[in-house]
Amino acid sequence: MIVATALVLMMTIPGLALFYSGMVRKKNVLATMAQSLAAVGVISILWVAFGYSLAFVGDGPWIGSLDRWFLAGMTMDGVNPLAKTIPEALFMLYQMTFAIITVALVAGAVADRMRFSAYLLFCIGWFTFIYVPLAHWVWGGGFLGTAGVIDFAGGLVVHLSAGIGGLVAAKVLGRRHGYGSDNLSPFDLSLAVIGTGLLWVGWFGFNGGSALQANSRAVMAITATHLAACAGALTWGAIEWSTRRKPSVLGMISGAIAGLGTITPASGFVAPWHGIVIGIAAGALCFWACTSLKHRFEYDDSLDVFGVHGIGGITGTLLAGVFATAAIGGTAGLIEGNPNQLLLQLYGVAVTLAWSGGVTFILLKLVGAFVPLRVSQQQELEGLDITQHGEALQ
């Protein structure tokens with residue numbers, strides 16, 4: 001679990017930092033990396049201050065307690081009832097890394113245009129009012145988990161919440177200057193490929209570690225995870241090959257991340273071959289969302305956070321209700337004769353969409369009342385590296 005914790009932290013720095021920065025223009029590479037780095041610093045401290053306690057201590061239906069405020073009362077040998085196999089301090093750290101990457105994910109939807117000061121305020125608010133309650137509702141003894149909604153490693157808590165939050169943020173901030181007319185192609189896709197590799201490896205800690213011990217269920221989870229990533233990359237590449245005559249590197253890495261995100265909620269509940277099926281669904285549906293759906297509604301989700309993580313989170317959460325295998329995760333799905341599980345998954349999706357989308361909108365309006373949400377047009381043209389941080393790649 002210590003190794004899994006390190007792997008999940010690696011997913012944000014350097015994984016997500018490289019993945020995102022490789023897909024923006026040269027003038028915004030450092031600013032994009034700075035968002036991931038800032039999320040690590042801000043969310044880690046907030047998690048210790050009150051996030052962990054509100055999410056995972058206490059069993060209220062809506063929110064936990066502040067009994068572990070700044071880790072008060074945590075002992076060397078203490079154990080959280082939600083994670084009886086490991087020390088409480090390790091459980092706290094492991095869950096911290098999930099909070100970090102979820103907040104950092106949202107930033108991809110508004111890359112190239114969000115003011116850094118506004119981003120910091122948004123991180124604080126989004127973590128406090130969206131991530132912490134959702135983590136409690138699903139994993140911490142709250143009403144969704146109690147109702148029977150299953151989410152092994154974050155289809156609702158991480159991917160769908162970040163995806164819909166990113167979509168709302170992209171709509172509120174508006175499109176990038178030159179979107180649809182200027183060349184906004186990535187500066188260095190090789191960085192994004194390296195970032196994808198780090199994310200892929202890190203996902204073994206993300207999904208495997210969610211078993212909270214080194215056991216057979218953890219192995220089944222990472223096997224399904226790896227196969228879903230492979231199937232997602234191949235499916236996205238095949239669709240591009242058939243429609244555009246060439247499979248792009250950007251498409252293949254997008255398909256891999258789509259497969260990884262989509263298998264996440266199901267990973268500890270399904271058989272390995274289900275991972276292949278879910279990966280194929282992820283590659284096809286997320287490709288559609290990042291092309292047809294995005295063009296149809298003309299929103300500028302810069303790095304396709306909604307198309308990959310939002311659509312992937314919905315798809316994986318629902319398919320968990322279809323394929324869940326009692327012999328693996330203790331919960332039967334639709335195929336094993338329990339259609340009610342699919343209805344519960346729909347319920348979880350609806351609650352997450354409404355809460356994350358609605359609260360994200362309110363938060364952005366509140367932050368915008370204190371500081372401008374996006375940089376000026378001139379600053380955007382100059383680039384966020386130099387205008388927000390006083391540095392630039394040469």
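Ala, Val, Leu, Ile, Met, Phe, Trp, Tyr, Cys and Pro count here as nonpolar, Asp, Glu, Lys and Arg as charged, and the others, Gly among them, as polar. This is a predicted model, so to speak of local features takes a pLDDT of at least 70, side-chain atom pairs count only at pLDDT 80 or more, and totals for chains, interfaces and linings use all residues. Residues are numbered from 1 along each chain as its sequence is written, and side-chain values use heavy atoms, with hydrogens and water left out.

**View 1. The largest pocket and its lining.** A pocket is an open set of points on a 1 Å grid over the protein atoms alone, with protein on both sides within 12 Å along at least five of seven lines, and its lining residues have an atom within 4 Å of a point. This one has a volume of about 710 Å³, where a volume is the space filled by probe spheres set on the points, joined across faces, edges and corners. Look for Leu 250, Cys 290, Lys 294, Ser 302 and Asp 304, which lie nearest the centre among the 33 lining residues. By class, the lining splits into 15 nonpolar, nine polar and nine charged residues.

**View 2. Helices around the largest pocket.** Helices are DSSP runs (H or I, at least four residues), numbered from the N terminus. H1 (2-21), H8 (216-244), H9 (249-263), H10 (272-297) and H11 (305-323) each bring at least two residues to the lining. Which helix gives the most? That's H10, with five residues.

**View 3. The second largest pocket.** Here you'll find about 460 Å³ of space. Its lining counts 21 residues, and Leu 82, Trp 139, Phe 152, Ser 210 and Leu 212 sit nearest the centre. Helices H3 (88-106), H4 (116-139) and H5 (143-147) are the elements that give two or more residues to this lining. H3 gives the most, with four. As for class, there are 14 nonpolar, five polar and two charged residues.

**View 4. The largest cavity.** A cavity is a set of grid points where a 1.4 Å probe fits but cannot get out. Searching the whole structure turns up three cavities of 30 Å³ or more, and the largest holds about 60 Å³ of space. Among the residues lining the largest cavity are Met 11, Ile 101, His 159, Trp 203 and His 309. H1, H3, H6 (155-173) and H7 (189-208) each supply at least two lining residues, with the largest share, three residues, coming from H7. How many of the lining residues are charged? None: the lining has nine nonpolar and two polar residues.
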